[in-house]
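Subject: Structure handover

Hi,

Here is the structure I promised you. Please look through it first, then read my notes below.

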Amino acid sequence: MSIDIDTARKVAHLARIRVAEDDLPKLAEQLSGILTFMEQLNEVDVEGIEPMTSVTPMRLKRRVDEVTDGSYPEKILANAPDAREGFFAVPKVVE
Amino acid sequence: MSLNKLTIAAARDGLKAGEFTSVELTESCLSAIEGADALNAYCAKTPEIALEQAKAADARIAGGDAPAMCGIPLGIKDLFCTKGVASQAASRILEGFKPEYESTVTQNLWDAGAVMLGKLSMDEFAMGSSNETACYGPVVNPWKVDDRQLTPGGSSGGSAAAVAADLCLGATGTDTGGSIRQPAAFTGIVGIKPTYGRVSRWGVVAFASSLDQAGPMTKSVRDAAIMLGTMASNDAKDSTCVDFPVPDFEAALTGDIRGKKIGIPKEYRMDGMPAEIEKLWNDGAAMLRDAGAEIVDISLPHTKYALPAYYVIAPAEASSNLARYDGVRYGHRAHLGAGEGIVDMYEKTRAEGFGPEVQRRVMIGTYVLSAGFYDAYYNRARRVRALIKRDFDLAFEAGIDAILTPATPSSAFGLGEMKDADPVEMYLNDVFTVTVNLAGLPGISVPVGLDAKGLPMGLQLIGRPWGEGDLLNQALVLEKAAGFTAKPEKWW
């Protein structure tokens, strides 16, 4: 499976990473190379094998659904590039 | 001998006996760090915090309440969140980020009285095998045998270089595909990746959550046992961190491995393996046999598929984990032009903030998770992963106690030598280590010898799940038999 320039452009957009038009051919070539490397997996017979979801067979820990933390908005906002009046500020989203 | 050259075990004993103070020990490390900027290992130095913690440790030792790590100066990989101290995962996208909280691992260390010297550089978001993807520029290996500067390996390259050059007594590392064990091998030190779930991941910047695990990087096997005992804990903040009690790993170091069965997997004997690595491997097996272990040839038939499976699963998880870096809550935000909206902000921020290797992996991950490819790539890789784990399960069920393999396919290579290589060529560095992460097992890299160039080479021991104590004991036997005492000659 090889990735063409249109697919590379689409993947970059899905990943929300801006890639200049001039850089797309090289990117497509590198992504294709990596995918070719992955094609080896097609040689393996995985019939009847369940996908591995956890390393140790154990039930994921459960806890009561209750508030155990919070009430420090100033700490949450401390590292924001733009915070105003207790909120994260971003460019206008809705017209 | 300068105090910074001590092992953790020796420093612990010296502190307890009152031979020196933690402040003296810490000052010795701080002055070694000041003289080692050429190695570029520390990306943030925290001498004020260090001296304050050292004073507190001295008071605690004087009071008779001193856990093993009390007063021991450490370096911390930049992937761990440390409260109020820059924690950047060596990425531009986290520029200026100072966490409001402390990772569980570092909190455990500070609670035990350990001392933080600073943060250690690494490959960006732990993606790399040479430390060349760090936004701070590459770390340089203290080992040098000609005019070339060598890589310390990666991703925990700053940790490895700092321990090897005595810029700390031990360091924290993290290992997703070999990021503790490969740099440990490249710098002649010990590094252990514990069983997945032994150490909390809370507060460690996530790369691939089903593979990431933190561990110690130290000058000796005993030090690794001591430090792991403090790093490991039960933690309600990480649902994958197990509730098993943390054993006394140091007490497991009996030096007796008689009757243990050590497996030698034939699939690790790769075509084109350097003769020196092959010889090292045979020598290591002979050392364990001489100590009374039984050497058994075994087969792990799906080994060949570990790397391609890893390079589907790890980028898939990374693309999801790294979605949080969007310029809203922390770190870098791109400057926007007139009329640019929120999607422009995301795309420009991530293009400016992520380096090329991180961008590639995020995009590969996005691709393999996208509609139409999820089953063909991601689910297939997870099924192959189940087979890789089953290979190990069957070997352990057949009575194998541990598995001996090379740690890396070569010794340290020169910085810049892989610059024009295909990304996949760099991935081959992980060929012996990545299976261990996929199967969730503990693995340790032990320095065993020098190659003809005079560079360190390591062997890897892979243990049973939750069997770190036995694994460290087997590693101790290998360490003793190999008698590796070489240190890099100071040139920096």
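Start with two helices in chain A. In α1(A), A:Ile5, A:Ala8 and A:Arg9 meet A:Leu24, A:Pro25, A:Leu27 and A:Ala28 of α2(A). Contact means heavy atoms within 4.5 Å. The residues of this contact split into six nonpolar, no polar and one charged. (Nonpolar: Ala, Val, Leu, Ile, Met, Phe, Trp, Tyr, Cys and Pro; charged: Asp, Glu, Lys and Arg; polar: the others, with Gly among them.)

The model is predicted: local features need pLDDT of at least 70, side-chain atom pairs need 80 or more, and totals for chains, interfaces and linings use all residues. Residues are numbered from 1 along each chain as written, chains are lettered from A and ligands numbered from 1 in written order, and side-chain values use heavy atoms, without hydrogens or water.

Back to the helix pair. Helix α1 covers residues 5-14 of chain A, and α2 covers residues 24-38 of chain A. (Helices are DSSP runs of H or I, at least four residues; strands are runs of E, at least two; both are numbered from the N terminus.) Their axes lie 9 Å apart, at an angle of about 90 degrees. (Axes are lines fitted to C-alpha atoms, for helices over the stretch in contact; angles run from 0 to 180 degrees between N-to-C directions.) α1(A) and α2(A) are therefore roughly perpendicular. (Under 35 degrees is roughly parallel, over 145 roughly antiparallel, 65 to 115 roughly perpendicular, the rest oblique.)

Now the two chains together. How many residues of chain B are in contact with chain A? There are 72, and they touch 51 residues of chain A. The two chains bury about 5,300 Å² between them, with 69% of it on carbon and sulfur atoms. (Buried area is the accessible area, 1.4 Å probe, lost when two parts are put together, summed over both.) B:Glu347, B:Met363 and B:Arg383 supply 13% of the area that chain B buries against chain A, more than any other three residues.

Next, the sheet in chain B. It is open and has 11 strands, in the order β1-β3-β2-β4-β6-β5-β10-β11-β9-β7-β8, with mixed pairing. (Two strands pair if DSSP finds at least two bridges between them.) The edge strands are β1 (42-45) and β8 (294-298) of chain B, each pairing on one side only. From one strand to the next, the twist averages 30 degrees. β1(B) and β3(B) (residues 115-120) run antiparallel and are joined by three bridges. B:Ala44 has B:Lys119 in β3(B) as its bridge partner. Helix α3 (residues 47-62) of chain B packs on the sheet and touches β1 and β3 of chain B.

Helix α7 (residues 221-231) of chain B lies across β2, β4, β5 and β6 of chain B, at about 145 degrees to β6(B). The axes of α7(B) and α4(B) (residues 104-111) come within 8 Å and cross at roughly 110 degrees. That makes α4(B) roughly perpendicular to α7(B). B:Val105, B:Asn108 and B:Leu109 of α4(B) make the contact with B:Met227, B:Thr230 and B:Met231 of α7(B).

Last, the annotations. UniProt, in an unreviewed entry, places an "active site" at B:Lys77, B:Ser155 and B:Ser179. They span 103 residues in sequence, yet no two of their C-alpha atoms are more than 11.3 Å apart, so they gather at one spot. B:Ser155 sits in the loop between β3 and α5 (157-164) of chain B. The peptide bond from B:Gly154 to B:Ser155 is cis, with omega near 10 degrees. The unreviewed UniProt entry also places "domain: Amidase" at residues 24-472 of chain B. UniProt positions follow the numbering used here, feature names are shortened, and annotations may be inferred rather than shown by experiment.

Best wishes
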